[in-house]
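Let's take a walk through this structure together.

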Amino acid sequence: MMKKMRKALACTLAAAMTVSLTACGGSSDQGGSAQTTAQDSGETTKAAETEGSQAAETKAPSGEQVTVTFWDENAGDERTEYYMQIIADFEAANPDIHIEYLGLSSGDALSKYQTAIAAGETPDVGGLNNSWAATVIGQGHCVAFDDMFAAWEDSGNIEEGYMEICRTYNKDGKVYMMPTSANFITLWTNDAMFEEAGLESPKTWDEFFDAAQKLTDKDNGLYGYTIRGGSASPAVLIDFIYSYLGTNEVFDKEGKTTINCNEAVAFLEKYLGLYGEYTPESDITAGYKEISANFDSGVSAMFTHNLGSYGSHVTAFGGTEGFTANPLPTAANGKYVNYGGGFDWAVHV
Amino acid sequence: MKTKTGVSRKDLMPYLFLLPAALFILAFLAYPLMTVFFYSVQSYDVTKLADKGFVGLENFKKLFADKIFYRSLSVSVKWVLTEVCSQLVLGMVLALLLDEKFKGRGIYRCVVFFPWAVSGVLTSMLWSLIYNENIGLLNSICKDLGLISKNMAWLGNMKTVFKATAVAEIWRGIPFFAITILAALQNIPSDLHEACVVDGATTMQEIFLVKIPMLKDTIILTTLLRAVWEFNNVDLIFTLTGGGPSYRTTTLTMYMTNMSVKNGNYGYGSTLAVMAFFILLIFAGVYLKLSGYGKGEA
Amino acid sequence: MKTNKGVRILKKGLFIAGLLVFLAFILFPIYWCLATSFKPSAEITSKEVTYWPAAFTFQNYVEAWMRSGFKIYFKNSLFISVFGVVFIVLLSVLTGYALDRFKFKGKNVFMLVLLCTQFIPGAMLITPIFIIFKNLGMLNSLFALVLVNTTFHFPFNSILMKGFVSGIDYTIEEAAQIDGCSRLGAIWHVLLPVLKPGIVTIAAYGFISCWNEFLFSFMFISKQNKLTLPVGLKNLVGEFSINYGQLAAGAIIAVVPTLILFSYVQKNLVGGLSSGAVKG
């Protein structure tokens with residue numbers, strides 16, 4: 001019973017937290033909680049349906065303290081502190097809800113989730129990385145909350161485009177998660193290195209490839225670019241392919257995917273051809289921290305990530321000077337596409 | 001001596017002493033292990049829960065056709081051999097050095113034995129700071145010595161990753177051998193050494209003809225234990241390389257851990273575990289038999 | 001005579017060289033971690049690697065301890081290690097004593113079981129043990145970690161303890177019993193005091209094993225304020241902010257207690273082991 005109540009509640013929590021994160025409005029005061037439904041919860045999937053339909057507009061029995069567990073799948077010292085602040089604000093506004101935060105390092109988060117799922121002990125709300133969110137949701141451990149979302153007064157404050165994407169994560173088209181953040185893919189450049197080579201920040205993909213080559217000075221351990229390797233590398237490639245193609249249509253008119261069209265393949269070959277030639281050799285296993293360190297230490301002149309790494313560059317460059325954030329290069333058709341990059345989702349597991 | 005009542009109480013005594021141990025083993029080892037055996041013949045994949053259920057020997061069939069299984073097994077063999085041999089040799093040399101008296105031996109011993117107390121996670125943290133391509137010590141030393149001209153990614157390079165990981169584990173493993181062998185060396189009666197001096201034996205002769213034969217049982221037991229521990233070692237590899245790149249450091253245990261913990265395929269992971277368990281059991285039996293453990297002891 | 005002297009000097013030189021090589025290899029990573037922990041982060045990531053901090057700072061330690069929660073992790077690790085030691089020592093004394101002093105049916109089987117426990121890959125038992133603790137309502141309980149650590153570390157220590165016990169003459173217990181002590185009384189008053197070096201050795205082994213345990217702590221604990229040091233350390237490797245300085249400082253914080261304990265007992269370790277334990 002208790003368990004189910006918490007589950008239902010978690011939805012509203014996710015919503016409320018999202019709102020605070022995106023700074024669209026105050027925290028939701030209807031975040032109270034749900035009346036428990038008569039059916040036995042047992043399986044989470046079943047619970048999902050019953051709650052989805054009934055839980056939306058109910059109030060918690062007053063005075064009862066409810067604990068909601070929340071896992072952050074990509075903890076780091078600054079981010080954790082930020083979450084703690086949001087949680088403190090939320091708890092102050094909702095005294096009968098206690099939030100139990102757990103920070104996981106991004107490399108271990110999936111292991112922790114899979115073990116928790118196998119043992120049937122998942123958190124009430126959890127962040128999922130978009131590269132494996134579909135896997136976890138597809139396993140049927142998440143609860144759809146379309147009705148609750150519709151009934152939530154601040155739902156209009158969430159960008160509809162993001163909600164559209166949220167609905168694509170499971171075949172049934174229901175909402176299992178709330179967007180928390182959108183990444184804006186950024187091409188970071190090292191000003192001093194560009195100046196020395198007499199180059200400007202690349203505006204087109206051709207300029208980008210050209211710059212990568214010209215900025216490389218292998219004998220001195222300097223590279224034009226640093227390429228993301230390791231297990232997270234494919235996700236980034238998709239973003240770049242669509243940016244290069246200058247389209248966000250992933251299917252053509254016949255319903256075939258555009259991802260392996262000739263142009264995309266040619267681009268991919270060219271892009272991956274940078275590896276080893278104009279990037280450090282270690283990039284094959286490099287995650288964010290390695291490529292970011294390559295850029296921060298002046299080994300690589302260019303590096304693609306999102307705006308989230310700004311703080312680390314400020315620390316490394318000793319201020320806000322010396323590096324520039326550029327949008328991704330423009331496609332040959334003149335269009336600028338930022339395929340969206342990674343979203344982090346608060347999902348209700 | 002034995003009264004009627006005393007007999008039964010005395011007979012029960014050993015079992016009472018062992019009762020707590022037995023309870024712990026039953027609850028947290030035997031029972032979970034049975035579950036692993038049970039799941040090894042089940043389909044239990046958290047990404048395909050609809051298929052959950054008994055599948056007979058399907059998982060084992062899959063295992064014998066699984067290329068990565070063979071590959072990880074060969075990495076395991078290579079890993080165990082590298083680790084145990086280098087740790088044994090280096091540990092023995094260290095123990096022989098420490099068996100001599102010299103000034104500051106106490107503090108020296110304390111320092112060189114220290115890695116024994118360091119965890120796998122910590123070892124991997126310490127060494128990743130050394131191997132790091134950009135801020136690592138190894139690169140700057142090698143560059144200053146003129147060995148390399150540009151920074152190497154020791155853990156990212158297919159050619160160096162295994163060696164780099166192995167060195168970190170050797171660092172942690174030397175003290176175990178040094179401690180146990182030193183302990184055994186100090187058990188060798190000192191008149192044997194005097195006899196060697198009288199007979200005019202060289203130091204090398206004394207080590208190889210007198211000391212090492214006396215260490216035989218210690219060496220057999222410690223190498224066996226270490227081999228099993230190294231085979232099962234996940235902490236260090238899990239945190240240092242995660243098994244990569246491209247399965248270069250995926251030992252069988254690492255493969256199994258990734259299979260169940262990361263991929264959520266608990267059924268097949270269990271099958272791999274059962275296999276690993278039997279491989280170890282057979283290895284231990286054969287090893288003890290061939291090495292003639294315990295023989296030659298009066 | 002002259003050649004003899006030459007050989008002696010050569011030998012001495014080799015001996016000292018050997019000692020120095022080992023020392024350098026062992027100290028190598030520790031020195032670098034220490035150096036890194038005292039550097040400000042700009043110096044750590046700068047392209048010019050400095051062998052010793054140019055700008056010395058304690059900031060990393062302060063931040064790791066206060067902000068990153070190492071104070072709490074330290075306390076938790078201490079808790080599980082202290083209780084783990086109590087359990088491990090208790091179990092291995094009982095088991096080791098029984099295996100050495102008694103003759104009974106099933107003794108060899110039990111020995112074999114203890115040895116076989118060493119073959120079990122702990123990583124594989126994560127999920128089954130997770131479910132056990134879930135059913136016992138003991139998830140997120142540090143005590144659950146105590147139980148698991150005890151289970152995994154007492155068998156080897158029992159075998160060691162058997163060796164320690166066998167190194168002590170049974171006649172002293174017998175004498176006490178003749179003087180009117182019960183068997184347990186004899187163990188308590190006579191055997192245990194003599195067994196002290198062995199107990200200290202095993203306590204040290206046990207403490208260090210518990211202190212270092214990572215996988216179970218990572219999987220079973222889902223509360224921020226119940227995490228242990230190794231897990232907290234691993235969590236510093238965040239995707240968006242890896243703070244090498246704090247990582248190094250955290251590693252040093254984690255290592256200090258084992259260092260103190262170790263330097264205190266290491267003499268015992270060799271002494272204890274040579275008193276017959278490794279003979280098996």
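Start with A:Glu100, which is buried, with a relative accessible area of 12%. Keep in mind that you're looking at a predicted model. Why does A:Glu100 count as buried? Its 12% puts it in that class because buried means under 20% relative accessible area.

Who does A:Glu100 pair up with? Its side chain meets that of C:Lys223 in a salt bridge, at 3.9 Å from N to O. This pair crosses between chains: A:Glu100 sits in strand 2 (residues 97–103) of chain A, while C:Lys223 is in the loop between helix 10 (215–220) and helix 11 (229–235) of chain C. C:Lys223 is partly exposed, with a relative accessible area of 26%. Over all chains, the count comes to ten salt bridges.

Now hop over to chain B, where the side chains of B:Glu169 and B:Arg226 form a salt bridge at 3.7 Å, N to O. B:Glu169 lies in helix 7 (residues 161–185) and B:Arg226 in helix 10 (residues 216–232), so the pair ties together parts of chain B that are 57 residues apart in sequence. Both B:Glu169 and B:Arg226 are buried.

Chain C has a pair of its own to look at: C:Glu173 and C:Arg101, whose side chains meet in a salt bridge at 3.0 Å, N to O. Here too, distant parts of the chain are linked, with C:Glu173 in helix 8 (residues 171–178) and C:Arg101 in helix 4 (residues 70–101), 72 residues apart. C:Glu173 is buried, at a relative accessible area of 0%, and C:Arg101 counts as buried as well, at 15%. Back in chain B, salt bridges that share partners join B:Glu169, B:Arg172, B:Arg226 and B:Glu230 into one network.

Finally, zoom out to where chain C meets chain B. There, 86 residues of chain C are in contact with 89 residues of chain B. The two chains bury about 8,300 Å² between them, 82% of it on carbon and sulfur atoms. On the chain C side, C:Phe22, C:Phe119 and C:Met124 lose the most area to chain B, together 10% of what that side buries. What kinds of residues make up the side of chain C that touches chain B? They divide into 65 nonpolar, 15 polar and six charged. As for links between chain C and chain B, the count is zero salt bridges, but there are nine residue pairs in polar contact, with both residues at pLDDT 80 or more.

Definitions and conventions:
Residues are numbered from 1 along each chain as its sequence is written. Chains are lettered from A and ligands numbered from 1 in the order in which they are written. This is a predicted model: local features need pLDDT of at least 70, side-chain atom pairs count only at pLDDT 80 or more; totals for chains, interfaces and linings use all residues. Side-chain values use heavy atoms; hydrogens and water are left out. Contact means heavy atoms within 4.5 Å. Buried area is the accessible area (1.4 Å probe) that two parts lose on being put together, summed over both. A salt bridge is a side-chain nitrogen of Lys or Arg within 4 Å of a carboxyl oxygen of Asp or Glu. A polar contact is a pair of N or O atoms within 3.5 Å; within protein, one must be able to donate a hydrogen and the other to accept it, and residues adjacent in sequence count only if both atoms are side-chain atoms. Ala, Val, Leu, Ile, Met, Phe, Trp, Tyr, Cys and Pro count as nonpolar, Asp, Glu, Lys and Arg as charged, and the others, Gly among them, as polar. Helices (H or I, at least four residues) and strands (E, at least two) are DSSP runs, numbered from the N terminus. Buried means under 20% relative accessible area, exposed over 50%, partly exposed in between (1.4 Å probe, protein chains only).
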